[in-house]
Amino acid sequence: MLNVMREKTNPVPQQTGTLPYDVVALVLQGGGALGAYQAGVYQGLHEAGIRPNWLAGISIGALNAAIIGGSPEDERVSRLREFWETICASPVEWPAGEGLANAMPFAFDLNSLHNAMAAMRALVQGQPGFFKPRFPPPIFSPFSGDAATSFYDTSPLQRTLERLVDFDRLNSGEVRVSVGAVNVRTGNLTYFDTAERRLGPKHVMASGALPPGFPAVEIEGEHYWDGGVVWNTPLSRVLNGDARDVLTFQVDLWSARGRVPYDLMEVSSRQKDIQYSSRTRAVTDHVLRMQKMRQALQRTIEKLPESAKQDPEIRTIADMARHRSYNIIHLIYQSKIYEGQSRDYEFGPKAMRAHWQSGLEDIRRTLADPKRLDPPPPGLGIVTHDVHRPE
């Protein structure tokens, strides 16, 4: 169980006052088994008394967001634990798994072996409460549709979501939830958002339907794949909203920065990092340009006579040009040296607990400096923090 994890950092004191933001957002990237890191981050936020009012996720991030948003406040962490313990359990214990790993010489990297066995189990057996392999495989299927276009059946995931997520609560407006998916027919990224429609298990599953492993999910006559096919982080969804002041905890599972690969295994691993990492700099550069445009509009409007300022169109422009502030607290999972290109489907309990613990420690280190929660200076309008980079 997760409650036996050894905690290396102490919880930070709870927030005693209201944070000075209209929106406190939790932005969760896709990354399969690495998503346990996000659950650890949320546990740390919960301990600190920080309650996001907007949850935005893609792929595994959408699943975590749905569980958080669809659970009573005092059950959110425990339901995340139950979800991750469920989907990372070994469906059939391989005799050559744990026993073989423990019997190997100390010189052998046991972590690598544990993870490799977990990845092999996921590929061959599937994961309970998540997905199961199709028989016959799609290349031999005499049928069309899901059976011919995906290797795994995700009906177990629907039952898990129906058990762990209260969709009435999710859609109550208590917390806003946005999940991103790609329309297979048009290729466009779509967000299913509780501010615009009622969400059900299918919307969440669509966000995590990564081909060719998982089948497309049909919603209202359209078919959807994992949002990470186009854009793996819903940061722009939050920053392009109407809120004036936004604090965003952006939790990424892939790092854009990394060393040059020295063998083919590292090439595959580095390719995934680059393909699925956030384009945070591109998003923040766009926000900075928008901030400068707002400031220019404000200066221009100030030069107008009072009578012109009362014009309805000028008042609309003035409202759009009002100052906004964005504080982005960026947490990025740091891959371990023993993890390879299969780390996003290494669903073993040992790896999951290590990921969870990493997220918990990173957010505690981040929140240990309360100044990181302060709004940016008025002249700047946007600031980013990353505990893994010197500020």
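# Reading strands, helices and loops in a predicted model

Student: Which residue takes a positive phi in the hairpin of strand 7 and strand 8?

Tutor: In that hairpin, which has two residues between the strands, E220 takes a positive phi near 50 degrees. Helices (H or I, at least four residues) and strands (E, at least two) are DSSP runs, numbered from the N terminus. Keep in mind that this is a predicted model, in which local features need pLDDT of at least 70 and side-chain atom pairs count only at pLDDT 80 or more, while totals for chains, interfaces and linings use all residues. Residues are numbered from 1 along each chain as its sequence is written, and side-chain values use heavy atoms, with hydrogens and water left out.

Student: How many bridges join strand 7 to strand 8?

Tutor: Two strands pair if DSSP finds at least two bridges between them. Strand 7 and strand 8 run antiparallel and are joined by three bridges. One of the pairs to look for is I219 with its bridge partner E222 in strand 8. Strand 5 (residues 176-183) also runs antiparallel to strand 8, with three bridges. There, N183 stands opposite Y224 in strand 8.

Student: Is E220 buried or exposed?

Tutor: Buried means under 20% relative accessible area, exposed over 50%, and partly exposed in between (1.4 Å probe, protein chains only). E220 has a relative accessible area of 71%, so this residue is exposed. E220 lies in the loop between strand 7 and strand 8 (222-226).

Student: Where is S59, and what is its phi?

Tutor: S59 sits in the loop between strand 2 (54-58) and helix 2. S59 is not a glycine, yet its phi is positive, about 60 degrees. Its relative accessibility is 11%, so S59 counts as buried.

Student: How should I read the faces of strand 10?

Tutor: In a regular strand the side chains alternate between the two faces of the sheet. In strand 10, S325, N327, I329 and L331 are on one side, and Y326, I328, H330 and I332 are on the other. Both faces are covered, and these residues are all buried. Eight of the eight residues of strand 10 (residues 325-332) are buried, so the strand is largely enclosed by the rest of the structure.

Student: Which strands are joined to strand 10?

Tutor: Strand 9 (residues 245-252) runs parallel to strand 10, and eight bridges join the two. In this pairing F249 stands opposite I329. Strand 11 (residues 382-386) also runs parallel to strand 10, with five bridges. Here I328 stands opposite T384 in strand 11.

Student: At roughly what angle do helix 1 and helix 2 cross?

Tutor: Axes are lines fitted to C-alpha atoms, for helices over the stretch in contact, and angles run from 0 to 180 degrees between N-to-C directions. The axes of helix 1 (residues 36-47) and helix 2 (residues 60-69) cross at roughly 35 degrees and come within 9 Å. A crossing is left-handed if the near helix is turned anticlockwise from the far one by less than a right angle, and right-handed if clockwise. Helix 1 passes helix 2 in a right-handed crossing. Contact means heavy atoms within 4.5 Å. Q38, A39 and Y42 of helix 1 make the contact with I60, G61, N64 and I68 of helix 2. Ala, Val, Leu, Ile, Met, Phe, Trp, Tyr, Cys and Pro count as nonpolar, Asp, Glu, Lys and Arg as charged, and the others, Gly among them, as polar. By class, this contact has four nonpolar, three polar and no charged residues.

Student: How are helix 2 and helix 3 placed?

Tutor: Their axes come within 9 Å and cross at roughly 140 degrees; helix 3 covers residues 76-87. Angles under 35 degrees count as roughly parallel, over 145 as roughly antiparallel, 65 to 115 as roughly perpendicular and the rest as oblique. Helix 2 and helix 3 are therefore oblique to each other. The crossing is right-handed. I60, L63, N64, I67 and I68 of helix 2 meet R76, R79, L80, F83 and W84 of helix 3. By class, that contact has seven nonpolar, one polar and two charged residues.

Student: Where are cis peptide bonds found?

Tutor: One joins F135 and P136, with omega about 0 degrees. P136 is in the loop between strand 3 (132-133) and helix 6 (146-149). The peptide bond from P211 to P212 is also cis, with omega near -5 degrees. P212 is in the loop between helix 9 (201-207) and strand 7 (217-219). Not counting residues up to four places away in sequence, P212 touches T149, S150 and F151.
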